Each structure stands twice: as C-alpha cells, then as structure tokens.
Amino acid sequence: MGNVDSKLNFRKAVIQLTTKTQPVEATDHAFWDQFWADTATTVQDVFALVPAAEIRAVREESPSNLATLCYKAVEKLVQGADSGCPSEKERQIVLNCIRLLTRILPYIFEDADWRGFFWSTVPGDDDDDGARPLAESLLLAVSDLLFCPDFTVQSHKRTAEDIQSIDSCEYIWEAGVGFAQSPPLNYTHDLNRTELLKLLLTCFSEAMYLPPSADNILNPWVTFFCATDNRHALPLFTSLLNVVCAYDAVGYGIPYNHLMFSDYREVLVEHAVQVLIVTLEHEAGPAAPVGPDNLFVNYLSRIHREEDFSFILKGLARLMTNPLIQTYLPNSAKKIRFHQELLVLFWKLCDFNKKFLFFVLKSSDVLDVLVPILFYLNDARADQSRVGLLHIGVFILLLLSGERNFGVRLNKPYSVRVPMDIPVFTGTHADLLIVIFHKIITSGHQRLQPLFDCLLTIVVNVSPYLKSLSMVAANKLLHLLEAFSTNWFLFSASQNHHLVFFLLEVFNNLIQYQFDGNCNLVYAIIRKRNIFHQLANLSSDPATIHKVERDNVLSKSSHIVLVTYTCFSRCYCERREMLVLLAPTGLSCCLVPVAIDKLTEKAQVSEDGTMVCLQHMTIDQNVHSPQHTPSPQHTPSPQSLAVLSWKSKLPLQTIMRLLQVLVPQVEKICIDKGLTDESEILKFLQHGTLVGLLPVPHPILIRKYQANAGTAMWFRTYMWGVIYLRNVDPPIWYDTDVRLFEIQRI
C-alpha cells in the first residue's frame, strides 16, 4: 500500500502544479518536497504520472512554476553531490530528481524560448555558485554523483568519504585502458549509473531539437561536460570505454540464462556507449567552430599502448560478432541490440586515433570487425528502415580501404561460416566482400542506389592487393559490368558511366598487379569478352541515345539494369531523399542525409609504398586521351558529345591487349587437346604470363575518405536517430517536437 500511496501523493503534487496559476515561492519547501522527498517512484512511474500535455501546460501557463521546479530539482542534486548521499532517504531524493529532470528536459528543449533557460543563472542567489548557469551546476552534480561511494561506486573506506576530496581515478568502473583493477559487480550501482547516464543523454539531446544544418554548431552541454571544469572527465571517459569493451554478453554460455536473469550490466553498457558517441562529437577542419578542447576526444586520440588497443579491439569485435552467434538450441544465446552504436564508436576510434587504425590493420583482427559489418550490410540490404545502418557500415569500409594493409588482410581464407543468404564459395575474405556487395547492388532497396559508387570505390581501393579471386567473386564482378554497361543504363543518367569506369579500374588493377594468381578472373573475362567489345563499339549517335531515353520513360521494370543510378551529390542535394530507421515499437525516424559528393580524395601509391595526395580530378581526367573526334561534317547533340567524351576515355587498353593475346591461345589449346573441361583451361591460364605484352602498369590510385561538414552532419543525425529509437523504456523523447529528423508512426 505504501508504494500506491506514494504514487498517489506524487500524482496529486503534479496536479497541484498544473492547476496553480499563481507562482509558488521557492521557499515553500513543503510543496516542492512532494516531488522528491515523500515518494518512491520508478522512472517508469514518473513518465506515466507526468503526462506530456501537463508539462506543456505548465510551460505555457505557469512558466515561473516550471522554472522553480527545475531549479529546485537541480539544487537537490547539487546537495546530494556535496553530501555524498550517506542515507537511503537522500539517495531516493536524488533518484527522484534525476527521473523528474529526465522527463521534463525534452519539453524545455522543444520550445525555442526556453532553450536558454538552463544557461541562465538563478535570480536572487548570491552564493559563489550563483554565478554558474543552472546547466553547469547540473552537469557537475551528475559528474560527482557518478563517482559517489556506496551510490554508484564501491567505497574504499569503512567511514564516510568526502566526495569533494576523493580521487575519482581510483574509482574507475571497470578494468581496461589505464586501470588494472576490476571492482566487484553491484547491480544497485549499475542501476544508479544507468539513471544518471540517461539524464546526461537527455541533457545532450538539445541537438535533436535544432533543424539539420551543415554548419558546425557546438552543443553547449557536451562542450561544458567535456571541458576542464569537469574534474571527473578522465575517469568518466575511461569508465565508459572500459565498461563497453569489457562487457561479455554471453559469459559462460549457459543456454537461456538471459531469459532467467536480468542483466543490469547490459543496460549500463548500452547507455555508456550512447553517452560515449555523443560526447565524442568533434568537428575538425577550417569550418570547425572555436571552443574549448573536448577532453574526451583528446583522451581518445592519445591512447597509444598496444595492450590498450588490443583490449578495445577485442571487446568491440566480441560485441559486434554477438548477433551472429549460432547455437543448436534456438534463441539460447543472448543477442545484444546496440550494434549500431558500436559501429559509430568504432568509426570515431579509427577517425580520431590513427594509431588505433594502423593497429587494427596490421593484424588479421580487422577481419573480426569486417565479417560482422558485412553480415549487417547483407541482413539490412532490402529493409528501407535500415538504410542508415548500411551507410555507416559502408563508410567504415571506405575508411579502412584507404589503407594498403586492409587490402592485404582480405587475402586471408574465409573459413568461419556466418549465417548469410549468399552463394557457397571457397575463397578469401575479399571474395566474401565482393559477393555481398554484389548482393546489395542487385537485390538491395532502391534507396541504396547512391551507395553504388561508394561500394565500387572500396573494391577499387583493395583490388591491387587481391591475390586470388574465386570463380564466384569473378563472375559477380563481370555480372555487374554487364548490367552497368547496357545502353539502357549508360544513357539513362549523365553520371551512370562512372560505375563502368570503376569496374574497369578494378579489372586493370587485378591484371596489372595480381595477374599470376587471378586465373579465375582472367577466365571469366575471356568467357564474357563480348561485354568489353560492346563497350569499345558503343554507339553514341543521337538516334540511339534518343531511343534509349524514350524507352526509359516507358519502362517501369525494377531489374537492376533498369534502376537509374544517381550520384551522391544529385541524390542528396536535389532529391533530398530520406533515410529511415525503424523502431521495434512501430516508430521510424527519417534522417535527412547530407551531400557526400566530396567523400574521398585521391592518393597515388609510389614505388616505396607511400601515398602521395593528388589534386581532385574526375574519372575522365585520369584515363587515356581521346581515341577519335567527331567528324566536322556532322554536329552531334549535347548528349552525343557527352557520351563521346567519356567513351573515348574508357580504360580498355589493358583488357583488350589481354584478350588479343590469350583468346587465340585458349582457342588453340582447346582445339589441339580437345579440351571441354574448364579446370584444364584454368590450369593453362595459371601458368601463363603476360610479361612484356601488356601496356606499362598504371599508377595505383587510392580514394581515401575525406572528412567534411556534410558527413559530420550525417553522422550526428544518424547517431541521434539511433539513440531516439533505442530509448523506449522509458520513451524519453517520444511525442516531443524533434526537428533534427522526421518521425513516422507505422
């Protein structure tokens, strides 16, 4: 009965607040204590007993009462942080204030007139701390409470400790980076930490209520929390990172244990990784706004010990691989749901700490991250609600593919069978990557069309280092070329020929640099040689182009060659397509993407293996000079001129020379020996050589990921969209006026 009475009293206090038209004095302690001192409500109770309509009503009709409620709740948190919450009653007051602020803050942020409220000082407060804005007092109190002995951390002493004088570096939550001791698990501490982290996320979520903009706008909450004013910045960053990377969802692997026992650590880990990726938001480059250093980014970029890198990589790989686990007993192994946040964290680690990126690439451990990413891409390819997941996965692979070691690592045989609906093959991780990319392009959702050139750029980047493609992968590449080189596709959009250039560059790299081991690819090229001959003899007369354009208008087929490809800039700038994330509750967030036309910069690999950055150039600029020009007697149409321009620069010389040399040899050996078995032909090609017969090898061009304001905005939008959908218990931002992305109810 006590708990029911407690809820009833709390509800009465809320009703009193909403019905009072006159301001309630801050000194009326009896009234304000009803919200936290005399109640024992859970966070779910608070969300149920404080309806959104009533919060908005107080905000509009009794603004001074809402302001006093926020001020008094923050005041209680500051008092709790100062005293160290020695009694159970004080801890309950602190928890009630945390839950109340988590409920109210989104409604403060959605109103532009209220957004600056927390950054104002409390009127009439003459204390030294009175000069501090309310937001700063709140954030500092939360930081203190995250290292409060016997509330969120294990006390080291038998007597009460002064929270203001303790060294919080001794209370880091988990062993790992920079900390060797693993404190005993305490589910109460985990629950209290989780509630504080939810409040932190809510504070940082002001970004959700601002419209999407390519301008770099500093989040004042994150900026202050990660600045030197926060004396707990280092231990908190370390605690969050270690808790995430040390978490083992499976444990001893007892079947169905997750159905019998609640795992409070998982909830903490999920919120820890969300707070981590939000605080690690940092803009770089000339357009970056000037502000204090983000200590979280600083600490992350300075990690350098190999044992720390190994701990981080193994932890992230273990968690990313978790959803792939297969057991004989259905649903017996626990599956985590926060893999999208892990991908964002991995991205930020590689982007901010180049030493970590090189560590990842110097061993085969990178494949432990690659396989789950490919699994996610394949699994989500046909689901429009997970287009954002495909983008982040492709961005990570693009970043990795800009380094030579990634291509080299892909040559490791792929032996671990992950449950994916792809053709069976025996080969390497490179084969796996190509097979899945082919699947995404040919059977993915139509919203993925802007990713086609990004997918092929990754294949181009790694192609000079792939020693031996399987027959399955070789045929997939030829199938893509066949699809993209049809008249219908080439003439249906001005940028479509770029895909053909990418694929030809892949073939040229493999022939020029890895001919010896790629007999399967050479055989596939010989078998499909008509594709290359048709490209070389492509008709560019206006009548043909006009007929294709007319047929395009009439045709509605969904086959891959009848899907008009649109380049990044055209899709993102002109069409403003939406990315959709689907929530398990039937909600979806439409994320407005951003222009990514300057996603890469080119680097040329020199003979000693180093890379030299090149000036930006189009595909047409780095291929051979025109083979012919139109006759002066005829004046071609603009479309015909455009086709002539790129057709004359198709890099077909190497492949045509290969066909010229090898096709007669293969035909002769087939006739002489009566061969009908392709294995004998492959054996012949395997021992063949084209030394001295091919054109001079072209320089290796690598297109490296280049950070820009557009991709930074995309990541911010995607990250907050994921966090919005993941926080459904309680639904912190549900039914509020979010402006960073659109909400669709399904």
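The predicted protein chain comprises 746 residues, of which 56% count as buried. Its secondary structure amounts to 32 helices and six strands. Among the contacts in the chain with a separation of 6 or more, 78% are made by residues 24 or more positions apart.

Helix H7, spanning residues 134-145, has 12 residues. The distance from the first C-alpha of H7 to the last is 16 Å, close to the 16 Å expected at 1.5 Å a residue. H7 is largely enclosed by the rest of the structure, because 12 of its 12 residues are buried. The buried set includes the charged side chains of Glu136 and Asp144, together with Ser137 and Ser143. Also in this set are Leu134, Leu138, Leu139, Leu140 and Leu145, as well as Ala135, Ala141 and Val142. The partners against which the buried residues of H7 pack are H5, H6, helix H8 (187-204) and helix H9 (220-225).

Helix H17, formed by residues 366-380, has 15 residues. From its first C-alpha to its last, H17 reaches 21 Å, close to the 21 Å expected at 1.5 Å a residue. Of the 15 residues of H17, 13 are buried, so this helix too is largely enclosed by the rest of the structure.

Three cavities of 30 Å³ or more were identified in the model. The largest cavity has a volume of about 90 Å³. Helices H1 (2-19), H4 (52-61), H5 (63-83) and H6 (88-109) are the elements that each give two or more residues to its lining. The lining of this cavity consists of Val14, Leu17, Thr18, Phe35, Val50, Glu54, Ile55, Val58, Leu66, Leu69, Leu100 and Ile104. By residue class, the lining divides into 10 nonpolar, one polar and one charged.

The number of disulfides in the model is zero. Cys97 counts as buried because its relative accessibility is 0%, and Cys519 counts as buried at 10%. Cys85, located in the loop between H5 and H6, is likewise buried, with a relative accessibility of 1%.

Although Cys85 is not a glycine, its phi is positive, at about 50°. Asp150 is another residue other than glycine with a positive phi, in this case near 70°. Asp150 is found in the loop between H7 and H8 and counts as partly exposed, its relative accessibility being 41%. Towards the end of the numbered elements, a cis peptide bond joins Asp729 and Pro730, with omega about 0°. Pro730 is situated in the loop between helix H32 (709-726) and strand S6 (742-745).

Arg302 lies in helix H13, which covers residues 295-302. With a relative accessible area of 54%, Arg302 is exposed. Arg302 and Lys354 are separated by 52 residues in sequence, and their C-alpha atoms are 9.8 Å apart in space.

Gln514 belongs to helix H24, residues 497-514. A relative accessibility of 15% places Gln514 in the buried class, because the limit for that class is under 20%. With neighbours within four places in sequence set aside, Gln514 is in contact with Ser463, Pro464, Tyr465, Leu466, Lys467 and Asn509.

Leu662 is placed in helix H30, residues 653-673, and is buried at 4% relative accessibility. Beyond its neighbours within four places in sequence, Leu662 is in contact with Phe515, Val522, Ile526, Leu685 and Leu690. The C-alpha atoms of Leu662 and Gly688 are separated by 8.9 Å, while the two residues are 26 residues apart along the chain.

Terms used
Residues numbered from 1 in each chain as written. Predicted model: local features only at pLDDT ≥ 70, side-chain atom pairs only at ≥ 80, totals over all residues. Heavy atoms only, no water. 1 Å grid on protein atoms, 1.4 Å probe; cavity = no way out; pocket = protein on both sides within 12 Å on 5 of 7 lines; lining within 4 Å. Points joined across faces, edges and corners; volume = space filled by probe spheres on them. Helix = DSSP H or I, 4+ residues; strand = E, 2+ residues; numbered from the N terminus. Disulfide = S-S within 2.5 Å. Buried < 20%, exposed > 50% of the residue type's maximum accessible area, 1.4 Å probe, protein only. Expected span 1.5 Å × (residues − 1). Contact = heavy atoms within 4.5 Å.
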